[in-house]
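Q: Hey, can you walk me through the charged pairs in this one? I'm new to it.

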Amino acid sequence: MSGISPLCAWWAQRPPAAGAAVMATGIMSVGLHLAGAETVSRVALVPVCVMWVGLAADFVVRLALDRRRWAAEARTPGALTAVAATTVLGTRFSALGWQTLAEALLALSAVLWPPLLVLVVRHWKPRMPGAVFLACVATQGLAALGATLAAAVTTAWLAHLSLVLFWLGLAMYGLAVPRFEWRQLAEGPGDQWVAGGALAISALAGARLLAADSARLYLWNDDDRGVLRTVTVALLVLDLAWYVVLLAAEAAWPRLRYDVRRWATVFPMGMTATATLSVAAAVGGPWLKWPGRVLVWVTVAAWLTVAAGAAAAARAGLRKAR
């Protein structure tokens, strides 16, 4: 028991934002799959599943046994990582052909999304960190997974519902921008990157919606497809611009100490890589594949760096809990 108690004490201190680790690792797995590194992608999928099960169990236990703490954490933007992480995992499962499991994760995230989104948005404040953009990320995660499954199982209504979520996600981004504290570019501990990552997952959702259309499943007329294509490309361009700005801010104001919110840096990096490769396939831009692959391996390097920091922090936390 002496070895279990410190572990339980350390785990109980995990904040809701820890779900960003699942998001970061999951999207890295998706990006590696798109880049053709299937073996490494499947290896990365193992910790994603382990972390997701652990966080899901923690979510249920807190809801059942510590309702007050659960309610307090559900009001924070980090709570939406539960939705986003579930949709990212579902997207990877769909790529493996495990459509039934992906559908179950879509259903679960669709159940979690409305109450958590309402709770979080109702408690928005005038000046917020980059986590404010998680409202957009969670919504677009649903859109991306829905569009992916619509193509896989040939379901038109799911594609059209995903399109509605896509536009709603863009609206959520527009509502979040005025509440973002711009000083976070210089001072943020890592989640300031979600400002760009939200555009990246929006571009990914747009690319998946474009890819869902086929001769068997007629979804969009020429005008609809043209608008969707233009918006998707514009979102990717804006995301890449954010990527450059955020990298420049990191160089100008280095923040080298580990923080759990650094996983919210890795996720947008991986999402940008994945969105670049997905948009390249959807709009016929083969020249985007090379930078997309480079960004995938940049994400892997960032993931390894943050994982090393997380391991060191976990060891320190376990020592304090003893």
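Q: Where do Glu 38 and Arg 42 lie?
A: Both are in helix α3, which covers residues 38-65. They're 4 residues apart, or about one turn of the helix. Keep in mind that this is a predicted model.

Q: What do Glu 38 and Arg 42 form?
A: A salt bridge, with the closest N and O atoms 2.9 Å apart.

Q: How accessible is Glu 38?
A: Glu 38 has a relative accessible area of 25%, so it's partly exposed. Arg 42 also counts as partly exposed, at 47%.

Q: OK, what about Asp 58 and Arg 62, how do their side chains meet?
A: In a salt bridge, 3.1 Å from N to O. Asp 58 and Arg 62 sit 4 residues apart in helix α3, so about one helical turn separates them.

Q: Is Asp 58 buried or exposed, and why?
A: Buried, because its relative accessibility is 14% and the cut-off for buried is under 20%. Arg 62 counts as buried too, at 8%.

Q: Switching topic: which residue does Glu 73 form a salt bridge with?
A: Arg 69, and their closest N and O atoms are 3.0 Å apart. Glu 73 is buried at 17%, while Arg 69 is partly exposed at 28%.

Q: Which residues are linked in a network?
A: Asp 58, Arg 62, Arg 69 and Glu 73 are linked by salt bridges.

Q: And how many salt bridges does the count come to?
A: The count comes to 11.

Terms used
Residues numbered from 1 in each chain as written. Predicted model: local features only at pLDDT ≥ 70, side-chain atom pairs only at ≥ 80, totals over all residues. Heavy atoms only, no water. Salt bridge = Lys/Arg side-chain N within 4 Å of Asp/Glu carboxyl O. Helix = DSSP H or I, 4+ residues; strand = E, 2+ residues; numbered from the N terminus. Buried < 20%, exposed > 50% of the residue type's maximum accessible area, 1.4 Å probe, protein only.
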